[in-house]
Amino acid sequence: MGIYLPIAELSVNIFVLLAMGAAVGFLSGMFGVGGGFLITPLLIFYNIPPAIAVATGANQVIASSFSGALSHVKRGTLDFKLGGVLLAGGIVGSTGGIFVFGFLRRLGQLDLFISLLYVVLLGTVGGLMLVESVNALRATRSGAAPVLKKSGQHNWIHRLPLKMRFRASKLFVSVIPVLGLGAGIGFLSSIMGVGGGFIMVPALIYLLKVPTNVVIGTSLFQIIFTSAYTTLVHATTNQTVDVMLAFLLMAGGVAGAQYGAKAGQRLRGEQLRALLALLVLAVAIRLAIDLFVTPPNLYSLSGVDPT
Amino acid sequence: MAGLRAFLVVASLSLLAVASPGKAQTPVTENIQIGLSTDHVSITAGFSGADLTIFGSLENADPLVARQGRYDIIVVLEGPARPVVVRRKDRVLGIWINLESETFENVPVSYSVATTRPLQDVTDPNSYKQLSLGAANIYMQPADDGDSPATIQEFTAALRERKTATGLYSENVGGVQFLSQNLFRATVRLAPNVPVGTHKARAFLFKSGLFIKESSAQLEIRKSGFEQSIFRVAHDYSFLYGVFAVSLAMLTGWLGRLVFRKD
């Protein structure tokens with residue numbers, strides 16, 4: 001069944017989109033990630049213009065992170081203060097990102113920049129995760145106890161000034177890296193249409209030493225508001241948010257996430273991470289191939305923006 | 001859904017009676033008329049392209065010339081003109097990057113032609129150029145005159161090629177048919193991505209390869225339906241639209257949790 005997307009201005013198959021949403025929802029439920037980093041490339045592979053894929057991806061991320069954050073609020077595993085500081089940085093980063101987005105779009109380099117950013121980021125994160133999980137799998141097989149990182153160990157980040165106390169996270173840390181991290185994620189959110197959980201979670205754990213139990217809730221909290229802000233600004237400045245597209249993805253995603261979460265419980269942590277790493281790498285490689293393969297049309301047309 | 005069929009009917013049927021061929025004692029010049037029964041066509045969101053039929057009449061036609069098939073008609077439906085950027089990808093360090101670009105002012109977004117016979121059989125290239133008739137002869141004004149003619153020529157050719165490939169520029173040979181000596185029907189293609197706005201329908205009459213007369217009419221193409229309302233709201237009330245998109249996402253997330261409660 002075809003459906004016409006009002007903003008993307010093209011006809012797509014409604015079931016393909018629902019299935020895409022469900023598949024990404026399944027994976028996000030299984031791995032505990034938002035899924036924005038999968039939705040946006042998948043939409044691009046499905047010939048949705050990258051500018052619309054990114055803005056709509058940001059919109060879709062709100063639904064899954066809102067749903068996830070609600071359960072963390074209930075369980076009390078959400079540090080509102082830490083989330084608020086991350087968010088303040090996020091708003092600044094996102095604003096900068098939107099500006100860069102519009103600028104690159106006028107230059108005709110937006111699509112390239114989005115692809116490059118995805119390849120570099122997904123390649124790096126996927127590669128690191130794969131190495132880490134394979135090492136962990138090997139260690140468990142040889143029977144050795146996994147080496148735990150000592151928490152409380154201090155690094156250079158903890159020597160920065162302007163310290164602030166975050167009670168829920170049992171943390172006393174400078175606001176500079178927190179704001180910076182928020183800004184970086186906000187920037188990526190507006191250019192890539194991702195929530196940024198796949199960077200935020202490891203950064204909070206390894207760089208800021210936030211206790212693991214509050215990391216996901218806090219990250220989701222920040223992602224809701226950064227994505228909401230990104231969606232709003234994309235809607236007002238670029239008019240690239242397609243609600244019809246976003247809604248189909250959300251509907252599929254919310255349903256898929258529940259089954260993914262159940263499937264995830266049957267797999268071990270290292271196995272899950274190795275699978276996720278392979279998935280992330282596959283998306284990165286697919287995007288990289290498109291950059292190098294001779295395109296069927298060397299010439300492209302675009303309208304002239306009134307700006 | 002594909003079946004949009006807008007019949008644009010002759011406005012000048014009454015003239016046919018006046019111009020009956022037998023009465024022509026002195027050589028009168030032929031005249032061509034097209035009339036549109038409506039000044040606008042609405043296409044819905046699911047529009048996947050259609051044929052648009054335009055009827056027209058040929059007045060004071062010489063029966064002998066008509067019988068020999070020496071009257072030719074070319075009908076053009078030209079979309080609104082807008083500036084366009086053509087970009088060319090080149091390989092940099094193995095990666096394909098948009099490098100060179102050329103901006104053209106006032107390029108018709110769409111250009112559909114219907115003819116009685118192949119264009120090259122109707123008249124000579126010079127006449128086409130003078131009339132700037134046919135996709136190959138539309139003048140495309142580059143925004144920057146400083147570029148070398150070779151570059152401009154390359155990008156103009158690429159622009160035409162892309163437009164043809166996406167179906168926005170099309171040619172329908174044999175799309176104009178005489179229904180009788182005086183009445184003809186032209187079928188022009190509307191691409192699925194036909195632009196909204198004022199389109200100009202023009203009919204050119206040729207007699208034995210010579211241009212005789214031109215007639216034109218205007219047609220407004222509009223989009224209608226639910227999806228179009230969304231598009232309009234997204235552009236006219238973009239902030240409210242953004243708020244709506246965000247609220248919808250939160251609502252969906254919340255409902256999803258209610259329906260599939262895990263904890």
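**View 1. The loop around Ser132(B).** Ser132(B) sits in the loop that links helix H4 (125-131) to strand E9 (141-142) of chain B; helices here are DSSP runs of H or I with at least four residues, strands are E runs of at least two, and both are numbered from the N terminus. Phi of this serine, Ser132(B), is near 40 degrees, a positive value in a residue other than glycine. Is Ser132(B) buried or exposed? Ser132(B) counts as exposed, with 10 C-beta neighbours inside 10 Å. For the cut-offs: buried takes 20 or more other C-beta atoms within 10 Å of a residue's own, exposed 12 or fewer, and partly exposed falls in between, with C-beta atoms placed from the backbone.

A note for every view: this is a predicted model, where local features need pLDDT of at least 70 and side-chain atom pairs count only at pLDDT 80 or more, while totals for chains, interfaces and linings use all residues. Residues are numbered from 1 along each chain as its sequence is written, and chains are lettered from A and ligands numbered from 1 in the order in which they are written.

**View 2. The loop around Asn47(A).** Over in chain A, Asn47(A) is part of the loop between helix H2 (36-45) and helix H3 (50-75). Asn47(A) is not a glycine, yet its phi is positive, near 70 degrees. Asn47(A) is exposed, having 10 other C-beta atoms within 10 Å.

**View 3. Strand E5 of chain B and its two partners.** Strand E5 (residues 71-78) of chain B has seven of its eight residues buried, so the rest of the structure largely encloses it. Which way does E5(B) run against strand E13 (residues 197-207) of chain B? The two run antiparallel, joined by eight bridges; strands count as paired if DSSP finds at least two bridges between them. Within E13(B), Lys200(B) is the bridge partner of Glu78(B). E5(B) also pairs with strand E8 (residues 111-115) of chain B, again antiparallel, over five bridges. There, Ser112(B) in E8(B) stands opposite Leu77(B).

**View 4. The nonpolar cores.** The largest nonpolar core holds 101 residues, and Ile224(A) and Ala246(A) have the most contacts inside it. Such a core is a set of buried Ala, Val, Leu, Ile, Met, Phe, Trp, Tyr and Cys residues joined through C-beta atoms within 7 Å. Helix H8 (residues 212-238) of chain A gives the most to this core, 13 residues. Setting aside neighbours within four places in sequence, Ile224(A) touches Ile62(A), Ser65(A), Phe66(A) and Ala69(A); a contact means C-beta atoms, placed from the backbone, within 7 Å. Another core of 38 residues lies apart from that one, and includes Val113(B), Leu190(B), Val194(B) and Ile221(B).

View 5. In the model, residues 239-260 of chain B are 95% helix and 0% strand, with the end C-alpha atoms 32 Å apart. Chain B as a whole comes to seven helices and 14 strands, and 32% of its 263 residues count as buried.

How values were computed: Two residues are in contact if their C-beta atoms, placed from the backbone, lie within 7 Å.
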